[in-house]
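Please consult the sequence and the structure below while reading.

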Amino acid sequence: MEYVVTSLILLVVLIVGAVGLVVPRLRRRELPPPGESRPGETRAGTTTLERPPAAPPVPQTETLPPLIERPAAPPVVEEPVVEAPAKPALEKPEPTAGRLVRLRARLSRSQNVFGRGLLSVLSRDHLDEDAWEEIEDSLITADVGVEATQVIVERLRERVRVLGTRTVAGVREQLAEELTAALDPELDRSLRTAPHDGRPATVLVVGVNGAGKTTTCGKIARVLVADGRTVLLGAADTFRAAAADQLTTWGERVGAETVRGPEGGDPASVAFDAVKRGIDVGVDTVLIDTAGRLQNKVGLMDELGKVKRVVEKHGPVDETLLILDATTGQNGLEQARVFTEVVDVTGVVLTKLDGTAKGGIVIAVQRKLGIPVKLVGLGEGPDDLAPFEPAAFVEALLGADA
Ligand SMILES: Nc1nc2c(ncn2[C@@H]2O[C@H](COP(=O)(O)OP(=O)(O)OP(=O)(O)O)[C@@H](O)[C@H]2O)c(=O)[nH]1
Ligand SMILES: [Mg+2]
């Protein structure tokens with residue numbers, strides 16, 4: 001009996017003990033809800049995070065900007081890596097060697113009309129007066145010029161008569177020879193771009209508006225760089241800021257520095273500074289781009305004369321290149337004459353030959369002015385500039401297949 005009573009007492013003690021332990025715990029759990037009064041946050045009810053009641057509204061708006069900034073940080077670190085490919089923007093210009101092939105292809109494309117017309121006349125059984133007149137017309141239409149055409153056709157007629165040439169191929173070959181002879185193949189067409197007397201060669205680029213001066217400066221710079229030369233560009237076209245930008249862009253592509261002045265500044269002083277800089281840094285060639293000007297604007301032509309005189313304080317200009325747009329035809333002759341009077345042109349660059357069937361202007365320019373055509377522009381692409389070679393040019397003019 002005693003044993004039973006003792007066991008009951010023990011049981012009661014155990015039950016009371018257990019209840020005493022559990023109830024306070026339950027009470028503690030009940031406490032937070034009344035304090036927080038927000039349902040969703042009960043679970044996070046750890047002591048340290050229990051401050052939010054006052055904080056949430058403020059931090060939520062305040063932490064928003066930092067959140068945006070934080071993800072922005074890692075890309076900043078990565079950016080230099082993205083910038084790296086910008087350096088290889090330095091281009092490796094095409095070697096000049098293969099360009100003549102392309103010149104022929106481009107010319108043939110636009111000039112085949114001329115070549116085919118001539119061939120159909122030449123293939124007649126008998127070259128009568130009408131036939132010779134048609135040949136003359138073809139040459140004049142191709143901008144060879146009336147005078148030059150008459151000389152060429154007369155010489156050809158004489159040869160055909162004396163030699164008794166009968167075949168189309170024979171007459172064509174003789175015509176090609178006469179056209180080539182009219183281009184004076186012995187003329188020196190090399191560009192004087194090599195440094196001498198301890199200073200860079202200076203090249204001045206002139207011409208009417210839109211002829212292709214800036215583009216040609218850029219293309220020449222590429223040719224020189226491709227040949228291992230160092231080049232500096234002078235943006236003496238100060239009329240428009242965009243002109244200097246255009247030149248700078250060409251320079252940047254091949255790693256050439258461009259000296260420029262303020263918009264509307266004195267072009268002569270920019271040209272002077274460019275050559276000075278070229279001497280100081282020791283480049284091989286300084287190319288000076290000038291603003292387009294019509295040959296009949298006396299003030300602008302005087303300004304060009306001044307640019308050249310000021311540049312020559314450093315020493316003589318080695319090459320003054322007149323840029324002529326082949327599509328302007330015979331008007332190019334008048335331009336060339338006036339520019340030559342002002343700045344003593346040493347070479348002509350005939351641009352846009354890819355877009356005209358009037359390639360004969362090359363012959364007219366050279367015969368009339370005695371100035372060698374040194375380069376030809378055959379497109380807007382950076383490497384669409386080729387050295388001028390009379391025989392190859394005539395072949396292209398007449399069309400490849402006889
Ligand atoms: N198809 C063709 N376009 C050319 C050639 N050379 C230049 N051009 C284009 O002719 C336009 C005028 O070229 P620019 O080099 O700006 O001419 P610019 O003489 O400097 O012009 P200004 O400075 O305004 O007098 C550009 O659209 C050139 O891409 C060429 O040989 N062929
Ligand atoms: Mg220009």
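## Charged side chains in the predicted model

In this predicted model, E341 is exposed, having a relative accessible area of 58%. Its side chain meets that of R337 in a salt bridge, with N and O 3.0 Å apart. R337 is partly exposed, at 37% relative accessibility. Both residues belong to helix α13 (residues 331-343); because they are four residues apart, about one helical turn separates them.

Side chains of opposite charge can pair when their charged atoms come close. The whole structure contains 21 salt bridges, and three of these pairs are listed here.

| Pair | N to O distance |
|---|---|
| R337 and E341 | 3.0 Å |
| E134 and R124 | 3.0 Å |
| R222 and D383 | 2.9 Å |

The salt bridge between E134 and R124 joins helix α6 to the loop between α5 (99-122) and α6, so parts that are 10 residues apart in sequence are tied together. E134 is partly exposed, with a relative accessible area of 32%, and R124 is partly exposed at 35%.

The salt bridge between R222 and D383 links distant parts of the chain, 161 residues apart: R222 lies in helix α9 (residues 213-226) and D383 in the loop between β7 (373-377) and β8 (385-387). Both R222 and D383 are buried.

Which residues gather in a patch of negative charge on the surface? They are D128, D130, E133 and D137. Of these, D137 lies in helix α6 (residues 129-141) and is partly exposed, with a relative accessible area of 46%.

Technical notes
Residues are numbered from 1 along each chain as its sequence is written. Chains are lettered from A and ligands numbered from 1 in the order in which they are written. This is a predicted model: local features need pLDDT of at least 70, side-chain atom pairs count only at pLDDT 80 or more; totals for chains, interfaces and linings use all residues. Side-chain values use heavy atoms; hydrogens and water are left out. Patches are made of residues with over 30% relative accessible area and no salt bridge: like charges are joined within 9 Å, nonpolar side chains (Val, Leu, Ile, Met, Phe, Trp, Tyr) within 5 Å. Accessible areas come from the Shrake-Rupley method with a 1.4 Å probe; for residues, only the protein chains shown count as cover. A salt bridge is a side-chain nitrogen of Lys or Arg within 4 Å of a carboxyl oxygen of Asp or Glu. Lys and Arg count as positive and Asp and Glu as negative; His and the chain ends are not counted. The place of a charge is taken as NZ of Lys, CZ of Arg, CG of Asp or CD of Glu. Helices (H or I, at least four residues) and strands (E, at least two) are DSSP runs, numbered from the N terminus. Buried means under 20% relative accessible area, exposed over 50%, partly exposed in between (1.4 Å probe, protein chains only).
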